Amino acid sequence: MKRIIVPIFISLVLLLMPVLAEAHPGRTDANGGHYCRTNCAKWGLENGEYHYHNGGGSNSKPAATAKPAVKPTAKPTAKPVATPAPTLVLPKKQNVGTLQVYFFDVGQGDSTLIRTPNNQYVLIDGGNNDQGKNVVKYLNALGVKTLDAMVATHPDADHIGGLDDVLKALDVKAVYAPKVSHTTETYKDFLTAVKNEGRTIKVVTKGVIIPLTGVEAKFLAPIRTYGDNLNDWSAVLKVSYKNKSFLFTGDAEKASENDMLADGMNLKADVLKIGHHGSSSSTSKAFIDAVKPQYAVISVGKNNYGHPDSGILTRLKNANTSVLRTDQKGTITAISDGNKITFTSTKGAK
């Protein structure tokens, strides 16, 4: 039996040798492919080209280890549009010879510049910390190089935050503030800036006068001490030029208002800077009745406090007082020749 099998096996090998030679033998790798060694052209391959067998044929691309399909990240058709910073609209400088009051648009805060007919300047407050540079830009645009007086009405950040920037940028001859302190870094920055400029603070109480030529600038409050209520410590300044006057109240609330009323002083003013951004804690009916303002200016921005209070707006409307708001009109400028007052604003004239 063995004698029959061996010759048959040898015959089969001899028959298959040409086929094996055509099949360019070679050991396959882990991917099931190998490099062509013989008869490469017949298989459409070049000598030494890697390929693998697939159902009797050959493919010149090696079998790659399967990888999860990764969806290519689509390129954006356009670059994201960055939100531009709000453009600071600067007020126009008015002609010399009139009393000018610029109620700067500093968002939820206060900052007001007074320019006298003799070209003297008084700055009341400087807005929040982030508004200091804007206040400096306002002052530069108006040609202010020296402030004859700076008034810090009280230590709240939305009133004194930007004053250190102003002190560093301009020459300030005198600084006025009530005798009340605060522990905030903002207040410390203000005090440090005053010290670095070689100035001391002139204490504000009722009756203190800012020396100006041709214009009277007198403080009406604070009349007494108010403990921890910083708002009622506010320096209240009345500025009069010929037959017209302005009353700047800071954040003074009803306790300070009542003290001014009880004192019997002349509170009458044509323009009232509304206390505490239009908060219901200020601008009582009795106070409005005493001031009798023809115009009221509210320095206010976007806020969560409900400023200005609807009740205050109604109270002013009932008093036939025209209301101008910085959140609606931007920086508001009042111009007076001493007999009349006109207004303009960066968002349109009144």
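A search of the whole structure finds 7 aromatic pairs (ring centres of Phe, Tyr or the six-membered ring of Trp within 6.5 Å). This is a predicted model: local features need pLDDT of at least 70, side-chain atom pairs count only at pLDDT 80 or more, and totals for chains, interfaces and linings use all residues. Residues are numbered from 1 along each chain as its sequence is written, and side-chain values use heavy atoms, without hydrogens and water.

**Aromatic rings**

- Tyr 176 and Phe 219 form a tilted pair, at 5.9 Å centre to centre and 40 degrees between the planes.
- Planes under 30 degrees apart count as stacked, over 60 as edge-to-face and the rest as tilted.
- This pair links distant parts of the chain, 43 residues apart: Tyr 176 lies in strand β10 (residues 175–177) and Phe 219 in strand β13 (residues 216–221).
- Strands here are DSSP runs of E with at least two residues, numbered from the N terminus.
- Tyr 176 is buried, with a relative accessible area of 5%.
- Phe 219 is buried too, at 1%.
- Buried means under 20% relative accessible area (1.4 Å probe, protein chains only).
- Phe 103, Phe 246 and Phe 248 form one aromatic cluster.

**Sheet**

- An open sheet of 7 strands has mixed pairing and runs in the order β12-β13-β14-β15-β16-β17-β18.
- β12 (209–210) and β18 (322–325) stand at the edges with a single partner strand each, so one side of each has no neighbour in the sheet.
- Two strands pair if DSSP finds at least two bridges between them.
- Strand β17 (residues 295–298) and β18 run parallel, joined by 4 bridges.
- Tyr 295 has Ser 322 in β18 as its bridge partner.

**Cavities**

- The structure holds 2 cavities of 30 Å³ or more.
- A cavity is a set of points on a 1 Å grid over the protein atoms alone where a 1.4 Å probe fits but cannot get out; lining residues have an atom within 4 Å of a point.
- Points are joined across faces, edges and corners, and a volume is the space filled by probe spheres set on them.
- The largest cavity holds about 70 Å³ of space.
- It is lined by 13 residues, and Ile 124, Asp 125, Thr 153, Phe 248 and Gly 250 are the closest to its centre.
- Its lining has 6 nonpolar, 4 polar and 3 charged residues.
- Ala, Val, Leu, Ile, Met, Phe, Trp, Tyr, Cys and Pro count as nonpolar, Asp, Glu, Lys and Arg as charged, and the others, Gly among them, as polar.
- The second largest cavity holds about 40 Å³.
- Residues lining the second largest cavity include His 154, Tyr 187 and Phe 190.
- The lining of the second largest cavity has 7 nonpolar residues, 1 polar and no charged.

Terms used: On a 1 Å grid over the protein atoms alone, a cavity is a set of points where a 1.4 Å probe fits but cannot get out, and a pocket is an open set with protein on both sides within 12 Å along at least five of seven lines; lining residues have an atom within 4 Å of a point. Buried means under 20% relative accessible area, exposed over 50%, partly exposed in between (1.4 Å probe, protein chains only).
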